[in-house]
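Dear colleague,

Please find below the structure that I am handing over to you. I would be grateful if you could look through it before reading the notes that come after it.

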Amino acid sequence: MARILSIPDVHGSHQWEAVKSVPKDSYDYIVFHGDYFDSWENQWPDQGENFKAICDFVREDTEHRKLLIGNHDWSYLSGTNYGCTVSGHQTGHIAEIRKLLDRNLDIIDLAFECDGWIFSHAGFSSTWVSSMKDVINSLYENDGHIFDFDGPYSEWNETKFSIGFLNNIWHKLGHSYFDEIFDYSFDALLDWNGFFSPSGDEISQGPLWIRPESLLQDAYYPKQVVGHTEMCLYEKVYLKQKENKVIVVDSA
């Protein structure tokens with residue numbers, strides 16, 4: 001069983017630097033769960049310099065250090081109006097933050113999978129995955145050539161949906177292509193996508209937004225580790241409902 005060190009929502013904080021002193025032989029992977037910007041304490045340009053330092057740290061060992069995207073980060077990349085509806089969104093620094101994210105998209109994933117556990121910013125519901133499959137099916141039927149990927153995720157059918165395939169789409173196309181190729185479909189599924197809960201506590205929300213209660217009710221993967229929701233003070237919170245297990249690592 002792999003030993004994984006999860007680092008929840010950074011939001012400009014330098015506390016993540018404590019991992020630098022952790023012996024490398026004491027863990028197998030380090031996973032950053034996203035939300036690197038929009039802090040009420042660390043102001044610009046410190047937030048940008050902090051993100052650069054995180055990226056430099058990850059690039060030292062991309063095989064064992066994973067950088068995931070959060071809803072606050074996505075808010076600077078999304079092509080839709082709902083993409084920027086996050087608290088603390090820094091409208092005066094959109095161009096700067098987007099440029100930083102652009103430069104590092106090659107090491108930013110949507111999720112990470114290890115030993116049957118799925119690590120993401122907020123989690124994957126069955127409802128959202130079903131919507132994503134519909135988007136991919138439609139896109140494949142109309143423009144199958146864009147799925148000419150190299151490697152193990154080069155073919156598509158619904159049974160082949162996986163974290164690897166999803167990350168491959170993300171990296172192959174890049175957000176700068178989403179508006180043209182996906183016609184906002186991909187963007188919309190990563191944006192806030194709710195009807196009743198402004199906080200995102202409903203099963204229609206995607207892996208950057210869904211809250212733990214709804215995730216437990218409709219989890220696509222039965223074992224998930226997420227940030228996004230402040231539920232604990234320094235220690236992780238372990239939630240379980242029937243066969244679904246969710247570990248929440250974001251601390252207040």
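Predicted model: local features only at pLDDT ≥ 70, side-chain atom pairs only at ≥ 80, totals over all residues.

Residues are numbered from 1 along each chain as its sequence is written, and side-chain values use heavy atoms, with hydrogens and water left out.

The chain contains eight helices and nine strands (DSSP runs, H or I of at least four residues for helices and E of at least two for strands, numbered from the N terminus). Of its 252 residues, 53% are buried (under 20% relative accessible area, with exposed over 50% and partly exposed in between, using a 1.4 Å probe and protein chains only). Among contacts (heavy atoms within 4.5 Å) with a separation of 6 or more, 65% join residues 24 or more positions apart.

Helix H1 covers residues 46–59 and spans 20 Å from its first C-alpha to its last, close to the 20 Å expected (1.5 Å times one less than its number of residues). Its buried residues include Phe-51, Ile-54, Cys-55 and Val-58. The buried residues of H1 pack against strands S2 (29–32), S3 (65–68) and S4 (108–109), and against helix H3 (94–103).

H1 and H3 pack at an angle of about 5 degrees, with their axes 11 Å apart (axes are lines fitted to C-alpha atoms, for helices over the stretch in contact, and angles run from 0 to 180 degrees between N-to-C directions). H1 is therefore roughly parallel to H3 (angles under 35 degrees). In this contact, Gly-48, Phe-51, Lys-52 and Arg-59 of H1 meet Leu-100, Leu-101 and Arg-103 of H3.

Finally, Asn-137 lies in helix H4. Asn-137 counts as buried because its relative accessibility is 18%. Leaving aside residues up to four places away in sequence, Asn-137 touches Trp-156 and Glu-158.

Yours sincerely

Definitions and conventions
Parallel < 35°, antiparallel > 145°, perpendicular 65-115°, else oblique.
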